[in-house]
Structures are given as structure tokens and as C-alpha cells.
Amino acid sequence: MSNKVHVGSIEMEEGLKKTKWEALEPSETIKKIPKRLWNVGKEDPRRVLHSLKVGLALTLVSLLYLMEPLFKGIGSNAIWAVMTVVVVLEFSAGATLCKGLNRGLGTLVAGSLAFFIEFVANDSGKVLRAIFIGTAVFIIGAAGTYIRFIPYIKKNYDYGVVIFLLTFNLITVSSYRVDSVINIAHDRLYTIVIGCGICLFMSLLVFPIWSGEDLHKTTVCKLRGLSRSIEACVSEYFEEKEKETSDLKDRIYEGYQAVLDSKSIDETLALYANWEPRHTIRCHKFPCQQYVKVGAVLRQFGYTVVALHGCLQTEIQTPRSVRALFKDPCVRLAGEVCKALSELADSISNHRHCSPEILSDHLHVALQDLNSAIKSQPKLFLGSNLHRHNNNKHQNGGVSQRNNSSNSGKGQNGAVSLSSFRTDTSALMEYRRSFKNNNSDISTAGERRMLRPQLSKIAVMTSLEFSEALPFAAFASLLVEMVARLDNVIEEVEELGRIACFKEYDNTRDPTADDVRCEKPANVMISVGGAE
């Protein structure tokens, strides 16, 4: 007994030591932190640059505290400059301009209105002054909050209205107890202007990041991503042997995922790009809203790519031997669509108009070849039993055939022979109607159980006639639908080129054109570069 207790105590002590050392060792999550930090900067090096810019801006604004002459001139109100830098300095120049001008404008209007309220209420008594200030706070607060619900104000000036309400209430209410509130407000406005100036300097002059350029590049990347997805889908669908290639599936998914998730990003980038100056040589107006329209038609096109990808994952699949009959026209058609998308991407990337032959005769020929290939295999889509049933119906009559089929369908044990039943859709519907009409005449449970297997077998045979062909029919129809939706994409891109004054098309590629790299957005506040 004692030995057992001793052994157990030793094991317990070793277990406690092991648990102690495990607690001291870093967990797997902590070990992955350096790698994750590295990946964040690797995905978009501009994130590192923006972090350094924020650190430098905070250092500059901290000099208001650290340097004695500046501190004596501004005093403790320098904290407002620090707060302004933290809040206003955003990733892109457009976002910083939007928040900086909103903050400055809101502070200026609120301060001016608060001074007016102070001037009017200054000569009244203490009680009347309190009533007047309370009434003014209520009216201005209610009106300012209601204005925020206006879509245009909420979209462009919501932050400015919030700053206006905050500043107005601080100055107005403080003026009732503090005599020098006007001087305090003046100092705060002064420090906020200093903070906004530092933010604008860092955003516009120190390695600026333009939201317009980001919007431009994301549009190009979405076109190329859709092209890669279509090419990968068709390639996988017509593979001779089934392969488990996760890389190919990831490429398909990543190609259209960026398109489907782009609505909010496009609208945000377009909003910030509206605030940016015309920083190009020709100073053309940047067509933000037209880029948003291009993104909208690309999402409509992307839904078709998603459905095409879904054809690869359906439970019922067309045999690969059948797919091979239509491989050539489908591959050519998909290739022409991808070629058109790539041409549109190059057009936007190089700021030039599309090729006049973007919808070439090869696309029309591929459509005709696919149509001819489908017509050449009518039995796959109409079903051989359906033709047999129509021929027998003309020869022998439909009524006698149904009687003969019902009599010959029973074997020795009352079993049903599937070959004796018609397997088209009309036969299935007839048996379902007869079951409903004669339900009252069926007296025993055994007969009901016997009829259900018959109907289920008929349904299976009916589906088998068409199940091999219908999945491919869906795949082919989606390819044709892509051609139809491609025309809408081309129209919007051509309209973009007209508004942005793209260069005329030439056969030689522009050697000075920028090589647009497809990068993931850095943030919701990101800018994916570009302007014309």
C-alpha cells in the first residue's frame, strides 16, 4: 500500500513540474505574432511607411510640450494638437483631407456661433443667461443631430458635424462659469490648426498615398482576377482526370472574392478621392463615380463566375467523356472572354482606350461552334426514352400503351419491372395524379407501400435520363451569359475612358505605362491608388 502511494506521489510531482514548465513556455499564438507582424508589412509596405509618418507627426507635435518657448506661448492647450494628429492623420491623403477639413471647419463654425451666443447673452442677468444658453444648446444640438441624417451630410460631413456639436457645447456651457473662455477657445482653435497642418504636411508632401490611385489599381486587379478565375474554372472542368488541387481552387476563389467584397471599399475610396487635389500633369477630373459604376457591373459579372465555380462542386456531374465532346468550343469561348477582360484591364492600367477589336469575330465563332456542338448531340439533352415514347405513342396509341405497361410491369411477387415503365416526366406526373385520385380506393397499407417504391424508381430513372447532361447545360449557359454581361462591362469601361480622357488606342504598348500590381487593400481606410 505504501509503495503505491509513494509511486503516485512521484507521478503527481512530475506532473506538476511538467505543467509548470508548459506554463512558462510561450503558446503557439505568441510564437506566431512575429510572423503575423511581418506578413502585415509584407502584404503592403505602405503600412510600414504610414506608421513611420504617424510616429514622426506625433514627435513634431510633441515639441509644443517639450520646447520651453512653445510651451509658454501655448501652454496646456497643446494637448489638443496631439489629439488632432492622432484622430486626423489617416492612411491616405484623401482620408486625411476629409477628416482634417471637417475638423477644422466644424471647430471654426462652432467657435464663431459660440462667440455670438456669448455676445448676445453677456448683458442679460444670470438667470436669463442660463435659460438662453440652455435653449441655444437644445436647439443647436437637436438641429445638428437631425442634419446628420441627411444622406449627403452623413456621407461627406458627418465627422465635421460631430466636432461642431462637441466644440459648441464645450465653449458655450463653459462660458457660463469661466470668464476667460474666449481666450481658451482661441488657444484650442490655434492648436487644432497646428495639428491639422502637421497632418496635411505628412499626408500630402511626405510619400503621399492617394485614394484615387488605389481605386484605379483595384479596378484593374478585379478585371484580371475575374479573368484568372474563368480560365481556372474551365481548365478544371475539362481536366481528363479528377485532381485534388487546392492551389487551383484557391486561385478561382481569390479571383472573384475581391470583386464580390469590393462595394464598400470602392465607395470609401471614391469618397476620399473626391477630396484629393488634381495631382496629375493634365489635372483632369478624377472620375470617382464612374469607377464605382465599373465596380458595380463587375460584381454583376462576378456572380456568373461564382455560379460557374459552383458547377464544379455539384453533387451530380456530367461524365468527363461527355464533357470532352464540348471541350474545344467551351475552352475557346472562355479564352475569348478572358482575352477581353485582360484587354479592359490593360486599357485602364495604361490610361488608353480599348482596342476596337475587343469583341472580335473569334468570340462569335466560338459561340456558333458551341451551339453547333450542342445541337449535334440531341439525345444527351432530350433523352432517348422520350423519343422512343413518342414513336410508340404514334404507332400504338397512348391509352393501350399505358394498359400494357401496367400489366406487364408486375412479376411473380408483384414486383415492378422498371423497363416496362415510361421514364419521361409526363409518366411521373400521371402516376402522381392517379395516386392522389385513387387514394381513397386503396384499402391496405401493403398496396400503398408498393406504389411508393414504384414512383420513387420512376423518379430516379427520369432523373438519370437528364442528370448527365443538365450539369453541362448549366455550365454552357453560364458561359453564354458571361458573353452577354461582358458587353455591359465594356460599355462602362469605355465611358470611363471618355470621362478620364484616356489616350487613343495604338498597337504598341506604352513603355512608360505603370505595371499595376494587384495588392490586397491595406484597410477599410486604404487607398488603392490612382489617378489619371
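**A nonpolar patch and the helix 5 contact**

Helix 3 (46-66), helix 4 (68-74) and helix 5 (79-88) each give at least two residues to the nonpolar patch. Helices here are DSSP runs of H or I with at least four residues, and strands are E runs of at least two, numbered from the N terminus. This is a predicted model, so local features need pLDDT of at least 70 and side-chain atom pairs count only at pLDDT 80 or more, while totals for chains, interfaces and linings use all residues. Residues are numbered from 1 along each chain as its sequence is written, and side-chain values use heavy atoms, with hydrogens and water left out.

Now the patch. L56, L60, L63, Y65, L66, M67, L70, F71, I79 and M83 make a nonpolar surface patch of about 840 Å². Areas are Shrake-Rupley with a 1.4 Å probe, and for residues only the protein chains shown count as cover. Patch residues have over 30% relative accessible area and no salt bridge (a Lys or Arg side-chain nitrogen within 4 Å of an Asp or Glu carboxyl oxygen); nonpolar side chains (Val, Leu, Ile, Met, Phe, Trp, Tyr) are joined within 5 Å, like charges within 9 Å. Helix 3 has the largest share, five residues.

M83 lies in helix 5. M83 counts as partly exposed because its relative accessibility is 39%, between buried (under 20%) and exposed (over 50%).

Next, the neighbour of helix 5. In helix 5, W80, T84, V87 and V88 meet T96, K99, G100 and R103 of helix 6, contact being heavy atoms within 4.5 Å.

Overall, the protein has 23 helices and zero strands, and 38% of its 532 residues are buried.

Note on methods
Buried means under 20% relative accessible area, exposed over 50%, partly exposed in between (1.4 Å probe, protein chains only).
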